Amino acid sequence: ANLPASFFSGQLADVAAGVYSGWAALNGVVYAAVANVGFSPTFVGSENQEKILEAHLIDYPDDQGDFYGQELSLLFVAWQRPELKFGGLAELSAAITKDAKDARSALMSKPLMAKLQKHPMLLDAVESQRESTEWRR
């Protein structure tokens with residue numbers, strides 16, 4: 001998911017550019033997540049003029065396809081590193097893979113982080129998403 005800061009009514013204004021680990025609720029399921037907040041500096045000439053949020057759901061099933069257009073709730077749990085400019089797509093992809101591995105490890109092994117998987121905001125989102133899915137059937 002790539003979303004501009006304007007979608008968040010200014011809530012990202014004070015969020016430092018960088019990579020964050022967290023939890024995401026999508027389609028009634030909570031997933032470990034890694035997210036980048038920033039301007040995509042690797043893509044020279046295509047940098048975002050506005051801060052964006054890019055979320056990657058760890059262990060999201062490949063057979064589910066993308067989740068564009070679907071409601072997603074995201075809870076940042078920890079800051080991992082600053083946003084970096086990479087030498088190209090291969091370096092960026094390797095960094096994303098490492099970021100996801102580091103996020104999964106931290107979220108699963110640190111009790112306070114793991115406990116946040118049951119944060120009320122996420123549980124409310126899961127319930128709302130389930131009700132919305134049932135209504136659409």
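This note goes through the fold, the aromatic pairs, the charged side chains and the backbone angles of the structure above.

1. Basis of the values. The model is predicted, so that local features are reported only at pLDDT of at least 70 and side-chain atom pairs count only at pLDDT 80 or more, whereas totals for chains, interfaces and linings use all residues. Residues are numbered from 1 along each chain as its sequence is written, and side-chain values use heavy atoms, with hydrogens and water left out.

2. Fold. The protein chain has 3 helices and 5 strands, where helices (H or I, at least four residues) and strands (E, at least two) are DSSP runs numbered from the N terminus. Read from the N terminus, the order of the elements is β-β-β-β-β-α-α-α. Among contacts with a separation of 6 or more, 68% join residues 24 or more positions apart, a contact being heavy atoms within 4.5 Å.

3. Surface and burial. The protein chain has an accessible surface of about 8,300 Å², and carbon and sulfur atoms contribute 56% of that area; the areas come from the Shrake-Rupley method with a 1.4 Å probe, and for residues only the protein chains shown count as cover. Of the 137 residues in the chain, 37% are buried, where buried means under 20% relative accessible area, exposed over 50%, and partly exposed in between (1.4 Å probe, protein chains only).

4. Stacked aromatic pair. The structure contains 3 aromatic pairs, and the criterion is that rings of Phe, Tyr and Trp (its six-membered ring) have centres within 6.5 Å, with planes under 30 degrees apart counted as stacked, over 60 as edge-to-face and the rest as tilted. Tyr20 and Phe76 make a stacked pair, at 4.6 Å centre to centre and with 5 degrees between the planes. Tyr20 belongs to strand E2 (residues 18-26) and Phe76 to strand E5 (residues 72-82), so the pair ties together parts that are 56 residues apart in sequence. Tyr20 is buried, with a relative accessible area of 9%, while Phe76 is partly exposed at 27% relative accessibility.

5. Aromatic cluster. Tyr60 and Phe67 form an edge-to-face pair, with 5.3 Å centre to centre and 70 degrees between the planes, and both of these residues are buried. Together with Tyr31, Tyr60 and Phe67 make up one aromatic cluster.

6. Salt bridges. The whole structure has 3 salt bridges, each defined as a side-chain nitrogen of Lys or Arg within 4 Å of a carboxyl oxygen of Asp or Glu. In one of them, the side chains of Asp59 and Arg104 meet at 2.7 Å, N to O, and this pair links distant parts of the chain, with Asp59 in the loop between E4 and E5 and Arg104 in helix H1 (residues 89-109), 45 residues apart. Arg104 is partly exposed, with a relative accessible area of 32%. Arg81 and Asp99 form another, their closest N and O atoms being 2.7 Å apart; Arg81 lies in strand E5 and Asp99 in helix H1, so the pair ties together parts that are 18 residues apart in sequence. Arg81 and Asp99 are buried. Within helix H1, Asp102 and Lys98 are 4 residues apart, about one turn of the helix, and they form a salt bridge whose closest N and O atoms are 2.7 Å apart.

7. Lys51. The side chain of Lys51 instead reaches the backbone oxygen of Ala13 at 3.4 Å, and one of its polar atoms lies 2.6 Å from the backbone oxygen of Val15.

8. Positive phi angles. Most residues other than glycine have a negative phi. Asn27, which is not a glycine, has a positive phi of about 55 degrees; Asn27 is in the loop between E2 and E3 and is partly exposed, at 35% relative accessibility. Asp59, another residue other than glycine, has a positive phi near 70 degrees, and Asp59 is also the partner of Arg104 in a salt bridge.

Note on methods
Polar contact = N/O pair within 3.5 Å; in protein donor to acceptor, adjacent residues only side chain to side chain.
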